[in-house]
Structures are given as structure tokens and as C-alpha cells.
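Dear colleague,

Please find below the structure I am handing over to you. My notes on it follow directly after.

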Amino acid sequence: MFCYCRRVPVSGGDPVASSTATPLRPVPAVPVRRTRLFALAEMRWAGAASVLFLVGLSAQLADAPAGVATALYLACYVCGGWEPGLAGLRALRDKTLDVDLLMVVAALGAAAIGQVLDGALLIVIFATSGAVEALATARTEDAVRGLLDLAPDTATVLDADGRERTVEAVELAIGEVISIRPGERIAADGAVVSGSSEVDEATVTGESLPVDKSVGDQVFAGTLNGTGALRVRVDRLARDSVVARIAGLVEQAGRTKAKTQLFVERIEQRYSIGMVAATLAVFIVPLLFGATLQSSLLRAMTFMIVASPCAVVLATMPPLLAAIANAGRHGVLVKSAVVLEQLGTTTRVAFDKTGTLTRGVPELAEIRSVGIGFTEEQILCLAAAAEFHSEHPLATAIVRAARGRNLLVPVAQEFTSRPGRGVSARIEGCFIEIVSPAALPGPSDRDAVWVVAVEQLQTLGRTAVVVCCEQTPIAVLGITDQVRPEAAAAVAAMTELTGAAPVLLTGDNLATATELASRVGITEVRAGLLPHDKVKVVRDLQAHGQRVAMVGDGINDAPALAAAQTGVAMGGAGSDLALQTADVIVVRDDLTTIATVMALSRRARRVVIANLAIAASFISVLVLWDLLGHLPLPLGVAGHEGSTIIVGLNGLRLLRSSAWRQASAHCSQRVRAGGQAW
């Protein structure tokens, strides 16, 4: 019988005990390739243009000699305008009219009639936009290249005579057998032909806990081997591995998303051609009716100024950028104004499970006694003592549970770890084993208490381990993943905002996923998914008219994040590829902020619509005045700049902290009201 003696605190130092466990080798960190901010020419030129503009504006406000500010503004024109201007000229050679060239021409036209400041502002806006787009593209490419670094560069191949040789991973051939030592990353997709171990597959399948692998089981390149040694038969070439396919899917989804810009490009062409034609007409037609060259040129330049899209640009950008800045202060990074606008149109949210709705940390959920003479605390003490020296995540959960109850555990002797099976130790004279149910011989009585307990726990979606004393089961422990405390509230808020319940996409088994979904209020579950399966689900939802926001954290989520209209990554433990692929990053890992940002996005879109109406009204009135009457140049400039200031200030209202609080309050009100209209 178990007795309390020679006990040590779980939170104290490690007691001395013999161990035959193979120590894990230190795994080198995967290098992160990241393009430096000013490594891009676009970023350097945009930065130079912005600095020159600000210095010129300062000189003008300080009443410096007029030539100083003008020279600085013209230098700004050169730095920020030469690249889009050159690109526009090349486009003209191909018989297309680029809107960036139109903006450069508008800026030069403004300078020609003395409005150098207006033109410089246009140059800065478009140069900065192009630089940010180039940086985002470069960072995504960096992340995709970094993903391929997960798989090791070399592999240890076993020849037919048992000798080992090291080869490049890309040279592995199908059918070759490779050796995987404890703590190493697996070099190729294949099947285990010898050995047993636990493998961390979170990077590929999203499985929250390491998976026990033995002969016949499949393993994936880039996943991390645990404490056992494996021999794996290569089933796929390096270029066809799951991790390589993930990288390919990210690139493919990115190209697909870029095609949605074709409609915008067609509108730009029509607007550009129309404005050029209208400006020429305003200049030439009066000449045909006897007007002087100077008056016709002045009218045409006035038209170019008042028809300039400055107010339209500022009608859109300040509200969205202000909302982005506000969200950033509250722990949510939105990568662009386009992303924020798309987020507000979301009609369906898809959640990953591990690391998103859960923390990815196992915890002991239940202890079921199946023996006689042991209390729950005694069972936990025995289990914690046996697992104290184990490196397995399930062992950590058991020891953490004992610490949480302030229990003292005895010293374990003769500790042994058997990968794929469990651990054993002698505690107070008793031989204790903590093993996987699959490692135990099947009982003759299928109605045995411990078998029923295992089946019930697995039905609840929990990982079951059996505690044995002298090879007799005395308890079954149910271990589960920790659900984020705010997950249920976040799911409810997004359901009310979008009008449809979120869907759960996970690589975990159906029982585990269903149990988690029921706890947070999700009714639709897609389980057992590999990365390409998640993409297919996202595509299916989009095919039915849904605008999907995918929320995830792992490398295995990256293709789905890229395929969705909006990808949202959890920043706390998110993989580098997921963070680079995603459009939105939740830095503080608070799921409720996603619904708040969606509400803030919808408010920003309403402000944008109001601003566009204001800008269009001013432009229409001023253009008609110039065409049908005589619009004095100073009045045209005043009207143009006045509309720009109005829409700019209106958009900047979203910078206030009260805007975030109001968006959060709206989400809460919708949940309490059960989805009533705003």
C-alpha cells in the first residue's frame, strides 16, 4: 500500500534518481530570413521623398526664402516620382495608361501653376504606398523561403549493410531508409520501419500534443522527433514533401489573391484616360473658339487641380489608417488599409484549434480511479513522482497538476522512459507505470473498468493515459488542451457580427475537436485536416458566396490564411510564416479583439463612404464651375484644399481611444441583444 514518506516538493529541485531516458539533443533554431526595411529601393526613395517634403513644409511655415521650399519640394518630386513616372512611360510604350503616371503629371501640373505643395503631397502618398506594398511582398517571400529551412539540409542514410552515410536531403531517393536520432528534425516524408518515439507534428498537422510513432506510422519532413530513435523509409522526394507543398500553396494563394486587383486596374485605366482627355479638351476647345493661350492653359491647369483625386485619396486613407493605428495601440496589427476594409466585409469566420482557440498547453482534466485502495490525491502523487523526470508534454501536465494542488510527492527510483509506451519507476517499493492504453495488453474482459474509462475519456476528446501499480491498472488520467478563457465570448461576438456561426478547422481527431467546439459554442467542425484540406474548406465556403476570415497560428494554417479574404494570426506563439502570411496579427493573443477590430472596420467603412460623398461633391461642383463658368484659381485651390482638410479631419476621429471602446461596446451589446440590428 502506498504511504507518505521521503517526499519532496514538486516545485523544488529535482531529486536524484536513476534515468535511462535518452537526453534530447539541442535543436538549432530555424533561421529567419527577413528583408531589412531599407534594403528595398522603393522604401529608400519613399523615405527620402517624405523627409524632403517635411523639411520643405517646415521651411515654408518658417517663412524661409521661397526658393528654399521650392527646391526641397522639387527634390521630393524627383525622389518619389521618378520610379512611377518611368514605369508609367514604359506602360505608355505598351499602350496602357498607368494611374501613377497620371498622378505625376497632376503633380507637375500643380507645380506649373505654382501649387508645388499639392503636387509634393501627391508624390509622397503614392511613393509610400508603393514602398509598403513592395515590403509586404518581400517579407512574404522571406517567410516562404524560411519555411523550407524547417526540413534539415542533410540526412543520415542507412545502406543495405547497415553503414551510415550523410547525404543532402534534396538528394534522398524514394525507398531509402534514413536514421532519425532523438531531438532531430525529420528530413523527409515517409513511414517508420523501425523504432518508436513521440513526434511533434504541430508544424504540419496542428496536432496539439506529440504523436506516438511506431512501425508503419507516417511521419513528415520538418517535424521534430522526441526521445526515441526512428528509422524511416522515404516515401516522397524533398520537392513533394508536405512542408514544401505548404510553401507552394502559400505562393499560389498569394498569386490568386492578386488577381482580384484586375477590376481596380480597369477602373484606373478608364479614369486616367478620361481625365487626360478632359484636360486636353479643356485646353484645346477654348482655343478653337478664339480664347487666348494663357487663359486656356490657366483653365486647363485649374481643371487638373480641382479634378485631382487628392480629396478622394484622403477620403479613404485617413479613416482606415487611423483605425489601423487605434487597433495597433490595443494589440492588433492590421497590415494595410485594404485589409482593414476587407475585414469589415467578413461574413464567415474559420478558426484553427490548437494555439488559437486553445493555448496549445496540455492540462490534466480528470482522474478516474479504477482500482481499490487509492484516493485521487494518492494517484496524482504516484503519477507525478513517476513522470517527474520525463520530458514528454503529458508528463509536464501531470506534474503541473500536482503542483497546483500543493502536493508533495515521493522520490522515484529506477526511472525508465520507453518512447511510444510511457514511463515506469519504483516508488515507495511499488512498481508504477504511466502508459498509453495501446501499450497495454488487451484484457480478456472488454468491459473491464479501465477499458471503459479509457473509451469514455476518448469519446470526450481527451488523451487517456493509464496508471498501473505492479502491472495492474489503478487509474486513468484524462488530459486535454487548455481552452482560452475568452474563446466562447469571442465566438459569440463574431457570430453576431457576421450573422453565421464560425467553423472549426483542425488537424486533431473528430472527438477532440467536437468536445472543444461544444465548449466554445461552435457547431460546425471539420477535423483531421492537413494544410491543403483547410484550403479546400476555405475555397468551398468562398464558392458559396462567403467572405472568409481565417484565424490560426501555425505553419499548417498559413495556406488557409493566404487563401482566405482575410488571414488573422495569433501573435504570441504564431509561426514566422503564419505571421508573415496573415493580414492581421493579434499580438496579445486576445481573441475578443478580433471582433472589436471587425466592428471598428465597419465604422471606418462608413466614414470612408461619407468622405467619398464629401469629396465627390466638392470635385463635381468645382469642375462644373470651371467648365461652365469662370472659377478663379485661388478659389479652386481653396475649395480643393478645403475638401481635403475636411475629409482628413473626419477620418482622423477614429484615432481616439473612444472609437475602440465604442466598437468593443457594440460587440458586447450585440451578444447581449442576441444579434439585433445595429
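**Notes on the chain**

Among contacts in the chain (heavy atoms within 4.5 Å) between residues at least 6 apart in sequence, 69% join residues at least 24 apart. This is a predicted model, in which local features need pLDDT of at least 70 and side-chain atom pairs count only at pLDDT 80 or more, while totals for chains, interfaces and linings use all residues. Residues are numbered from 1 along each chain as its sequence is written, and side-chain values use heavy atoms, with hydrogens and water left out.

The average pLDDT (the predictor's confidence in each residue, from 0 to 100) of the chain is 78, and 80% of the residues score at least 70. Where pLDDT is low, the predicted coordinates should not be read in detail.

The secondary structure comprises 21 helices and 24 strands, taken as DSSP runs numbered from the N terminus (helices H or I, at least four residues; strands E, at least two). Of the 678 residues, 49% count as buried, that is, under 20% relative accessible area, with exposed over 50% and partly exposed in between (1.4 Å probe, protein chains only).

Ala49 belongs to helix 1 (residues 41–61). Ala49 counts as buried because its relative accessible area is 0%. Beyond residues up to four places away in sequence, Ala49 touches Cys76, Cys79, Gly80 and Val124. Ala120 is 71 residues from Ala49 in sequence, yet the two C-alpha atoms are 8.5 Å apart in space.

Strand 10 (residues 230–234) has a covered face of Leu230, Val232 and Val234 and an uncovered face of Arg231 and Arg233. In a regular strand the side chains alternate between the two faces of the sheet. Strand 10 pairs (at least two DSSP bridges between strands) with strand 4 (residues 177–180) in the antiparallel sense over four bridges. Strand 5 (residues 190–195) also runs antiparallel to strand 10, joined by five bridges. Arg233 in strand 10 stands opposite Val177 and opposite Ala191.

Finally, Ile284 lies in helix 6 (residues 262–288). Ile284 has 41% relative accessibility and therefore counts as partly exposed.

Kind regards
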